[in-house]
Amino acid sequence: MRSRRCAGFLVTLAVVLLATGCRGTSSSGAPAGSARSTASPARSGYGARFLAVDECSSFGTAGFTEVPCTSERAAARVIARYDGTAADGPPCPATTDFVLHIGAQRTGGGEDGGGTIARGYACMRGLEPPHPGDPGGGGGPRTIVGDCVYGSGHGQVRETACDGSGKRKPQYRVVRAVTSRDACPTATDLYVQLGGEHPVGCARRV
């Protein structure tokens, strides 16, 4: 389960109480369920670019590798891919399950003819449910409309599954994303900073 402090942009990114007590700061993120994961290059690439959009990765004990999406080892598909760091780049799509951070490295196979893989990150979605990035799923790198949170103390909240299947029961559900707090419904109980074009989440007690 990931802790959130405020800007729910990328995996371990936070969620903070705004009007009822918190301000947001952003931080870099990592896949839900593990603090930070780095993808390792497959020895024989399956495309011109390592882990390009629509390519698949496996879950291994030592890291993640690119595999054909038809492989029995395939576990997740790339739904967006960006160069640079996740903290400085575009946010992943809303229903991303986790983020793979890809370190710059040289390879024998070659990417773009240069034999290197640029530093970047891949936004991943599992091939099979459950999907923690779905609304109410209790995980994923972003907080979105439909997600639930509970107070974890010190003015912070953590995301949890809305169906109550997580270790902690939900206390609030994000019902709307708006540009500013004054655009939230009057019945809003909690303001959650989301980041993006609509950075304020209006949450109601459940």
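Modeller: Cys-92 has a relative accessibility of 1% and therefore counts as buried, the limit being under 20%. The model is a predicted one. The partner of Cys-92 is Cys-123, and the two sulfur atoms of this disulfide are 2.0 Å apart. Cys-123 is likewise buried, at a relative accessible area of 0%. The torsion about the S-S bond is -75 degrees, and the link of Cys-92 and Cys-123 is left-handed. This pair connects distant parts of the chain, with Cys-92 in the loop between β5 and β6 and Cys-123 in strand β9, 31 residues apart.

The largest nonpolar core has eleven residues, among them Phe-98, Leu-100, Ile-102, Ala-122 and Met-124. β5 (74–83), β6 (98–102) and β9 (120–126) are the elements that each give two or more residues to this core. Of these, β6 gives the most, with three residues.

By the distance rule the count is four disulfides. When the bonded cysteines are numbered in sequence order, the pairing reads 1-2, 3-4, 5-6, 7-8.

A further disulfide is formed by Cys-56 and Cys-69, whose sulfur atoms are 2.0 Å apart. The torsion about its S-S bond is about 100 degrees, so this disulfide is right-handed. Cys-56 belongs to strand β3 (residues 56–58) and Cys-69 to the loop between β4 (64–67) and β5, so the pair ties together parts 13 residues apart in sequence. Cys-56 is buried at 0% relative accessibility, whereas Cys-69 is partly exposed, with a relative accessible area of 29%.

Cys-184 and Cys-202 are also joined by a disulfide, with an S to S distance of 2.0 Å. With -85 degrees about the S-S bond, the link of Cys-184 and Cys-202 is left-handed. Cys-184 is located in the loop between β12 (172–178) and β13 (190–193), and Cys-202 in strand β14 (residues 200–205), so the pair ties together parts that are 18 residues apart in sequence. Cys-184 is buried, with a relative accessible area of 9%, and Cys-202 counts as buried at 0% relative accessibility.

His-131 is placed in the loop between β9 and β10 (148–153), and its relative accessibility of 15% makes it buried. The side chain of His-131 makes a polar contact of 2.9 Å with the side chain of Asp-97. Leaving aside residues up to four places away in sequence, His-131 touches Asp-97, Arg-125, Gly-126 and Gly-137.

Note on methods:
Residues are numbered from 1 along each chain as its sequence is written. This is a predicted model: local features need pLDDT of at least 70, side-chain atom pairs count only at pLDDT 80 or more; totals for chains, interfaces and linings use all residues. Side-chain values use heavy atoms; hydrogens and water are left out. A nonpolar core is a set of buried Ala, Val, Leu, Ile, Met, Phe, Trp, Tyr and Cys residues joined through side-chain atoms within 4.5 Å. Buried means under 20% relative accessible area, exposed over 50%, partly exposed in between (1.4 Å probe, protein chains only). Helices (H or I, at least four residues) and strands (E, at least two) are DSSP runs, numbered from the N terminus. A polar contact is a pair of N or O atoms within 3.5 Å; within protein, one must be able to donate a hydrogen and the other to accept it, and residues adjacent in sequence count only if both atoms are side-chain atoms. Contact means heavy atoms within 4.5 Å. A disulfide is a pair of cysteine sulfur atoms within 2.5 Å.
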